[in-house]
Amino acid sequence: MELGLVGLGKMGGNMRERIRRAGHTVIGYDRNPDLADVHSLEELVGRLKGPRVVWVMVPAGAATQSTVDELAELLEPGDVVVDGGNSRWTDDEKHAVELGIKNIGFVDCGVSGGVWGLENGYALMYGGAAEDVAKVQPIFDALKPEGDFGSVHAGKVGAGHFAKMVHNGIEYAMMQAYAEGWELLEAVDSVTDVREVFRSWQEGTVIRSWLLDLAVNALDEDEHLDKLRGFAQDSGEGRWTVEAAIDNAVPLPAITASLFARFASRQDDSPQMKMIAALRNQFGGHAVEKK
């Protein structure tokens with residue numbers, strides 16, 4: 001089939017290549033003309049035969065909204081827009097209504113796989129009406145990993161990005177657990193080869209995972225991570241997961257703690273720890289460190 005793909009960055013560019021390898025035609029547009037096959041969204045839509053499928057892979061928020069708005073004016077009834085970025089599920093519901101007024105279908109798709117997806121395939125979680133999903137199915141089949149698993153029609157519009165959001169929240173907590181274990185191993189004198197301890201866990205243990213494999217890769221490149229600064233950004237989906245948990249009264253202590261740990265990483269001189277140090281000095285006479 002034919003696909004229009006908007007956004008050809010680290011993820012989108014590799015997705016275009018994987019879809020083409022599966023025998024489909026992909027016409028890509030990006031603001032960077034060196035990456036693009038066409039020079040505008042209008043030209044992209046004009047090159048596709050109906051019913052068209054246009055997959056959007058641009059940053060969540062304003063960039064996605066403006067792209068959907070423009071596509072709403074260019075596409076025709078029966079066409080489908082897929083948002084494969086990291087949009088909030090509430091935005092999906094708004095986009096589906098906006099496009100639905102013009103009888104244009106909408107499918108939201110959470111995509112996981114990162115820079116490894118070109119060779120390994122992408123895990124896909126998508127939401128939308130069955131008839132709209134069916135129009136995109138050959139592309140989903142091209143992108144997914146080999147085998148029976150790796151993609152799911154998660155439910156209605158918004159379900160795909162909600163599922164991907166929860167996936168990323170779990171990822172936060174798993175990474176935090178590995179990081180805490182690594183720091184503790186590094187802190188004791190008795191463990192003399194932390195990297196090889198991590199490597200030993202890759203076979204036969206209940207905590208083996210792809211994240212563990214990636215941790216070993218990182219330690220192979222920089223055994224004690226001396227080249228890195230202890231700072232970790234958050235993409236937003238961890239926050240959305242915690243907000244959704246509050247809205248639905250679902251306890252998420254591990255995921256919430258892992259999100260707050262990232263906030264702590266941005267403080268070179270923690271104001272909270274100043275107060276804790278002051279209180280310990282006041283009630284127990286514990287020493288405080290001065291600047």
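Modeller: In what follows, helices (H or I, at least four residues) and strands (E, at least two) are DSSP runs, numbered from the N terminus. The model under discussion is a predicted one.

Colleague: How many helices and strands does the secondary structure of the chain come to?

Modeller: The chain has 291 residues, of which 40% count as buried, and its C-alpha trace spans about 75 × 40 × 35 Å along the principal axes. Its secondary structure comes to 12 helices and seven strands.

Colleague: In which loop is L225 found?

Modeller: Most residues other than glycine have a negative phi, and most peptide bonds are trans. L225 is not a glycine, yet its phi is positive, at about 55°. With a relative accessibility of 24%, L225 counts as partly exposed, and its place in the chain is the loop between α9 and α10 (237-247).

Colleague: Does A249 count as buried or exposed, and at what relative accessibility?

Modeller: A249, again not a glycine, has a positive phi of about 55°, and it lies in the loop between α10 and α11 (253-264). Because exposed means over 50% relative accessible area, the value computed for A249 places this residue in that class: it counts as exposed, at 69%.

Colleague: What distance separates the C-alpha atoms of R52 and T205?

Modeller: R52 sits in the loop between α2 (41-47) and β3 (53-56), and because its relative accessibility is 12%, R52 counts as buried. Along the chain R52 and T205 are 153 residues apart, and the separation of their C-alpha atoms is 47 Å.

Colleague: What distance separates the C-alpha atoms of A63 and W210?

Modeller: A63 belongs to helix α3 (residues 62-74) and is partly exposed, with a relative accessible area of 29%. The two residues, A63 and W210, are 147 residues apart along the chain, and their C-alpha atoms are separated by 31 Å.

Colleague: Why is the pair formed by the rings of W89 and F162 given the name it has, and what is that name?

Modeller: A pair of aromatic rings is described by the distance of the centres and the angle of the planes, and the structure holds six aromatic pairs. For W89 and F162 the centres are 4.9 Å apart and the planes stand at 80°; since planes over 60 degrees apart receive this name, the pair is edge-to-face.

Colleague: How many residues apart are W89 and F162, and which helices hold them?

Modeller: W89 is buried, with a relative accessible area of 14%, whereas F162 is partly exposed, with 29%. The pair links distant parts of the chain, and the partners are 73 residues apart, with W89 in helix α4 (residues 89-100) and F162 in helix α7 (residues 159-187).

Colleague: How far apart in sequence are the parts that W116 and W210 tie together?

Modeller: W116 and W210 also form an edge-to-face aromatic pair, at 6.2 Å centre to centre and with 80° between the planes. Both partners are partly exposed, W116 with a relative accessible area of 41% and W210 with 43%. Because W116 lies in the loop between β5 (105-112) and α5 (117-120) and W210 in helix α9 (residues 210-221), the distance in sequence between the tied parts is 94 residues.

Colleague: At which residue does α6 bend?

Modeller: Helix α6 (residues 130-143) has 14 residues, and from its first C-alpha to its last it reaches 19 Å, close to the 20 Å expected at 1.5 Å a residue. Its buried residues are D132, V133, V136, I139, F140, A142 and L143, and F140 forms one aromatic cluster with W55 and Y126. A proline, P138, follows within four residues of the bend, which is about 55° and is found at V136.

Colleague: How many charged residues are there in the lining of the second largest pocket?

Modeller: About 290 Å³ of space lies in the second largest pocket. The residues that line it are D269, S270, M273, K274, A277, A278, V288, E289, K290 and K291. By class they divide into four nonpolar and one polar, while the number of charged residues is five.

Definitions and conventions: Residues numbered from 1 in each chain as written. Predicted model: local features only at pLDDT ≥ 70, side-chain atom pairs only at ≥ 80, totals over all residues. Heavy atoms only, no water. Expected span 1.5 Å × (residues − 1). Bend = angle between axes of the 7 residues up to and from the residue. Buried < 20%, exposed > 50% of the residue type's maximum accessible area, 1.4 Å probe, protein only. 1 Å grid on protein atoms, 1.4 Å probe; cavity = no way out; pocket = protein on both sides within 12 Å on 5 of 7 lines; lining within 4 Å. Points joined across faces, edges and corners; volume = space filled by probe spheres on them. Nonpolar A, V, L, I, M, F, W, Y, C, P; charged D, E, K, R; others polar. Phe/Tyr/Trp six-rings, centres within 6.5 Å; stacked < 30°, edge-to-face > 60°.
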